Amino acid sequence: FPLTMLPPDLKGRLRFGAVVNATVLSARHVREKFGFEVADTRADAAFGDPAAAVLIATRHHLHAPFVLRGLQEGRHLFVEKPLCLTEDELAEIDAAMAATRGSLMVGFNRRFAPATAAAKKLLATAPGPVSIVYEVCAGPLARDHGYAGSEESGGRVLGEACHFFDFFCHLADGPPVSVSAQPAAGGAFTDSLCAQVVLAGGSTAQLLYTSAGDASYPKESWRVFAGGLVIECENFQKLEIHQKRKCERQTFGSKGHAEEMRAWHRFLAGKDEHPLPYEHSRRSMALTFAALRAARENTTLHLKTP
């Protein structure tokens, strides 16, 4: 994933120093494909240049350790989601962020998708609370998939559904107030989840993340209801806008990976403010942990808001 979705949109914009991969052969392949100066299998190689930014796209259990190392060295970091696997790790990152001169961006790409930007622009014309319904037909999980090893991945909900909790906070433009959750059809609550979120200002959001269903159904679909407006989206490619008894259709071709990389580059180049403040990434991860805990305890959790 990181080799196909992330470096292409930075190539030619930044100097590519060191690439670290699991095997010498794979590291060399990436070096040759994208023009890295060094290929290695040791993490130290990625942290060898004291002036370099670091992009972290390892297995999930290594995200927090590398983030903490980078922040302690005062680096600018990009880390794929999830930011971390435990609330204790999140607390450690909080402390590191408070002391660092560096920065941290988490790969919540869907907030950067063109369809999301179009929806945000439309919602600005319909002030007031919104209601969001998000369905993810994730499909069954192969036994050898990276998410199958929960010790390394944290499970599908933590590793993937954090995207959608971040989407709720971004689109509703406010922090979560409470969350309740239950296991959904398709597996344990760590892999399939039905969650209900209340956000500041009266907005609500529902997430169904399930491995049940059929592959002919869209993997991701969401709808937003606001005053005089309904927005419906399929796989961030097709957007339908229902307003004033008319339906307008728009099409897009990105889930936001290219846009988030370009936004990060503009920040690194000193052209823009940081595109995703840490407190926003943090609240999305905290909401994900809370949803998992609510499902495990079959309860509603009331959350602290800034």
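**Two packed helices**

Reply: Helices α5 and α10 are roughly antiparallel to each other, a label for angles over 145 degrees. Helices here are DSSP runs (H or I) of at least four residues, and strands (E) of at least two, numbered from the N terminus. This is a predicted model: local features need pLDDT of at least 70, side-chain atom pairs pLDDT 80 or more, while totals for chains, interfaces and linings use all residues. Residues are numbered from 1 along each chain, and side-chain values use heavy atoms, without hydrogens and water.

Me: At what angle do α5 and α10 pack, and how far apart are their axes?
Reply: The angle is about 165°, and the axes are 11 Å apart. Axes are lines fitted to C-alpha atoms over the stretch in contact, with angles from 0 to 180 degrees between N-to-C directions. α5 covers residues 87–99 and α10 covers residues 278–297.

Me: Which residues make the contact?
Reply: From α5, Glu87, Leu90, Ile93, Asp94 and Met97. From α10, Tyr278, Arg282, Ala286, Phe289 and Arg293. Contact means heavy atoms within 4.5 Å.

Me: New topic. How many helices and strands does the chain have?
Reply: Ten helices and 14 strands.

Me: What share of the residues is buried?
Reply: 48% of the 306 residues. Buried means under 20% relative accessible area (1.4 Å probe, protein chains only).

Me: And what box do the C-alpha atoms fill?
Reply: Roughly 55 × 40 × 40 Å, along the principal axes.

Me: What about contacts with a separation of 6 or more?
Reply: Residues 24 or more positions apart account for 64% of those in the chain.

Terms used: Angles under 35 degrees count as roughly parallel, over 145 as roughly antiparallel, 65 to 115 as roughly perpendicular and the rest as oblique. Buried means under 20% relative accessible area, exposed over 50%, partly exposed in between (1.4 Å probe, protein chains only).
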